Amino acid sequence: MQQENNREKTIIKVSVIGILANVFLAGFKAAIGLISNSIAIVLDAVNNLSDALSSVITIIGTKLAGREPDKKHPFGYGRIEYLSSLVIAIIVLYAGLTSFVESFKKIIKPEKPEYTTVSLVIVGVAVLVKIGLGLYVKKTGEKVNSDSLVNSGKDALLDSVISSATLVAALVFTFTGLSLEAYLGAVISVVILKAGFEMLSETISRLIGEPGDVQLIKDIKKTVVSFDEVKGAYDLILHNYGPDTYNGSIHVEVDDKCSITRLDELTRSIMKEVYKKHGVILTAVGVYSINTEDEKVKSLKKEIEEIVLSHEFVKQLHGFFYSKNDNSIRFDVVISFDAPSRQAVFKDIINDLQDKYPDVEFALSMDMDYGEL
């Protein structure tokens with residue numbers, strides 16, 4: 001809880017700094033742009049205001065996401081942070097579209113700008129401020145795992161590039177008389193639109209559902225297999241309910257001689273250890289019983305593995321168990337999403353096994369790659 005509070009305070013503090021810096025820069029740029037009749041500088045000022053608004057939305061989203069779980073939302077409100085990131089992406093897209101329209105108008109009806117040395121110096125200082133602000137916000141966002149801050153930081157760094165281009169255009173006009181203002185404004189708009197689409201795509205992907213951080217998945221599995229009775233850990237599924245907030249489930253392979261009482265103790269210990277080390281709540285630990293004593297079964301498993309893994313797009317099989325009582329074999333097959341037809345691959349595997357072992361009853365399950373392979 002203390003860590004969550006510190007995270008929230010950090011995000012809010014950085015967002016407030018962003019608001020103050022962007023409002024300050026927007027005021028100066030707007031004044032310079034209007035005095036010098038520069039559409040590029042005016043659009044740059046508008047972009048600073050959109051950044052300030054993004055920071056306000058980040059604060060609101062963070063406060064709402066920090067609400068305690070309740071009856072209506074038992075997994076908490078953490079995903080609101082993704083919604084705030086979505087809103088920020090839409091604001092960036094709107095700013096880019098508006099800038100493009102205004103720039104196009106100026107291309108059709110151009111107006112010559114008038115720069116002063118003071119205005120150019122101020123724009124140059126603004127570039128340095130934006131670079132510093134962007135690096136600070138982005139780095140902090142990555143540290144506390146806040147998409148909203150990371151997006152704001154990326155946007156600020158993008159602004160520094162835009163402001164630099166504006167400064168170059170102003171210098172070109174000052175020394176050559178060639179006005180690139182409107183065309184530069186159009187280019188700036190396209191860059192902003194591109195950044196907005198990328199932010200939007202990343203956020204929507206998170207809302208739809210991603211497999212989770214690969215390193216986190218590996219670390220959790222390493223913790224699970226550290227228990228002596230666990231022979232393998234598979235099918236780790238992580239459900240994300242906001243930054244650093246995961247619920248999940250996993251399957252483990254255990255000795256077929258393991259007692260129910262020990263299984264109960266083992267699964268509870270696994271849940272406790274995973275939460276302690278990784279902060280992930282395992283809501284379920286499924287169990288695969290595997291043969292561990294019969295050498296003939298081990299040899300049979302090796303033969304079947306060779307047949308199954310010989311098929312293209314098969315990544316793994318696990319949970320293998322042979323039952324002498326009814327001469328049956330059961331296991332899961334992980335088939336890659338790259339396969340043109342996962343069902344066709346699965347069907348070919350079953351056919352090959354039945355041809356090789358016509359008297360054996362196979363009970364196979366087609367499994368998915370949840371990102372850990």
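In H3, residues Glu81, Tyr82, Ser84, Ser85, Ile88 and Val92 touch Asp147, Ser148, Asn151, Ser152 and Asp155 of H5; contact means heavy atoms within 4.5 Å. This is a predicted model, where local features need pLDDT of at least 70 and side-chain atom pairs count only at pLDDT 80 or more, while totals for chains, interfaces and linings use all residues. Residues are numbered from 1 along each chain as its sequence is written, and side-chain values use heavy atoms, with hydrogens and water left out.

H3 spans residues 80-108 and H5 residues 147-176. Their axes lie 8 Å apart, at an angle of about 20°. That makes H3 roughly parallel to H5 (angles under 35 degrees count as roughly parallel, over 145 as roughly antiparallel, 65 to 115 as roughly perpendicular and the rest as oblique). The contact of H3 with H5 holds three nonpolar, five polar and three charged residues.

Now H9 (residues 295-309) and H10 (residues 342-356): they pack at an angle of about 140°, with axes 10 Å apart. H9 and H10 are therefore oblique to each other. Ile304, Ile307 and Val308 of H9 make the contact with Ile349, Asp352, Leu353 and Lys356 of H10. Five of these contact residues are nonpolar, none polar and two charged.

The largest cavity holds about 100 Å³ (a cavity is a set of points on a 1 Å grid over the protein atoms alone where a 1.4 Å probe fits but cannot get out; lining residues have an atom within 4 Å of a point). Of its 14 lining residues, Asn22, Asp51, Ser55, Val137 and Ser152 are closest to the centre. The lining of the largest cavity divides into five nonpolar, six polar and three charged residues.

Notes:
Axes are lines fitted to C-alpha atoms, for helices over the stretch in contact, and angles run from 0 to 180 degrees between N-to-C directions. Helices (H or I, at least four residues) and strands (E, at least two) are DSSP runs, numbered from the N terminus. Ala, Val, Leu, Ile, Met, Phe, Trp, Tyr, Cys and Pro count as nonpolar, Asp, Glu, Lys and Arg as charged, and the others, Gly among them, as polar. On a 1 Å grid over the protein atoms alone, a cavity is a set of points where a 1.4 Å probe fits but cannot get out, and a pocket is an open set with protein on both sides within 12 Å along at least five of seven lines; lining residues have an atom within 4 Å of a point. Grid points are joined across faces, edges and corners, and a volume is the space filled by probe spheres set on the points.
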